[in-house]
Amino acid sequence: MGKIALLFAMILMPALSMAMTPEPTQSSTPVSKELKKQLLGTPVYIQIFKEERTLELYGKIGNEFRLLDAYRICNFSGGLGPKRREGDFKSPEGFYSVRLNQLKPDSRFYRAINVGFPNQYDREHAYTGAYLMIHGDCKSIGCYAMTDAYMDEIFTYVNAALRNGQSEVNISIFPFRMTDSNMQRHRYSTYASFWRELQPGYAYFAKYRQPPTINVTSGSYVMNSSSPVMVNPEAASKSFLALSKAE
């Protein structure tokens, strides 16, 4: 009887192990410090995950964006869910973009990047609020506060990218890593329908390593689902190989 039980255990254990394997996410290992330094001035992209208290900074190599570094968010307020009105103390969620005039190097919170709330989606829903930032000083009322050291590095890369020709830096702000398992875990939330609008943008970047193109149609986020196009594959490949030598 003991041998039979052991046999069943040997058969079932691999299947159970596979079933219990955590769902993979798009998080990855940052590039080397040497390559990171070389990428100052390259186009960048930012993702924020509230639940994980993480800001991820990506830089473009060839035709894809790779993780430069991940920074722990020192403070944000209001828990999960989008910001809807001024004074609700919530930090925004959604798809935002930053131009050069939204950088505040002399902010009273060390340095600051205005994320651009309210965007078109927020305005169509009559959401109110202003001056929602990513900034230093580790204090937050509706903003994403970082340590000054982290903010200095994030600001430096965003500023360099914009001054080097990137027209705007996209910032995607998610409540959590939007895997199917996490969506299932939060399926009863009052924000579930809103989060389903955000998930395609998360999935697009996870697959293609390029920021999603997001439009607002009839008050909803709608993703341009066309695959990324490599305009000059040979040039992109050479650029990638040249930068990779420093890794």
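Me: What does Gly-129 touch, not counting residues up to four places away in sequence?
Reply: In this predicted model, Gly-129 touches Lys-83, Glu-86, Phe-117 and Pro-118. The C-alpha atoms of Gly-129 and Glu-86 are separated by 4.3 Å, though the two residues are 43 apart along the chain. Gly-129 sits in the loop between helix H3 (120–124) and strand S7 (133–135).

Me: Why is Gly-129 called buried?
Reply: Its relative accessibility is 14%. Buried means under 20%. Gly-129 therefore counts as buried.

Me: How do you know that Cys-74 and Cys-138 form a disulfide?
Reply: Their sulfur atoms are 1.4 Å apart. The cut-off is within 2.5 Å, so the pair qualifies. The structure holds one disulfide.

Me: What makes the disulfide of Cys-74 and Cys-138 left-handed?
Reply: The torsion about the S-S bond is about -40°, so it is left-handed.

Me: Which parts does the pair tie together?
Reply: Cys-74 lies in the loop between S3 and S4, and Cys-138 in the loop between S7 and strand S8 (144–145). The pair therefore ties together parts 64 residues apart in sequence.

Me: Why does Cys-74 count as partly exposed?
Reply: Cys-74 has 24% relative accessibility. Partly exposed lies between buried, under 20%, and exposed, over 50%. So Cys-74 counts as partly exposed. Cys-138, at 30%, also counts as partly exposed.

Me: Is Cys-143 buried or exposed?
Reply: Its relative accessible area is 8%. The limit for buried is under 20%. Cys-143 is therefore buried.

Definitions and conventions: Residues are numbered from 1 along each chain as its sequence is written. This is a predicted model: local features need pLDDT of at least 70, side-chain atom pairs count only at pLDDT 80 or more; totals for chains, interfaces and linings use all residues. Side-chain values use heavy atoms; hydrogens and water are left out. Helices (H or I, at least four residues) and strands (E, at least two) are DSSP runs, numbered from the N terminus. Buried means under 20% relative accessible area, exposed over 50%, partly exposed in between (1.4 Å probe, protein chains only). Contact means heavy atoms within 4.5 Å.
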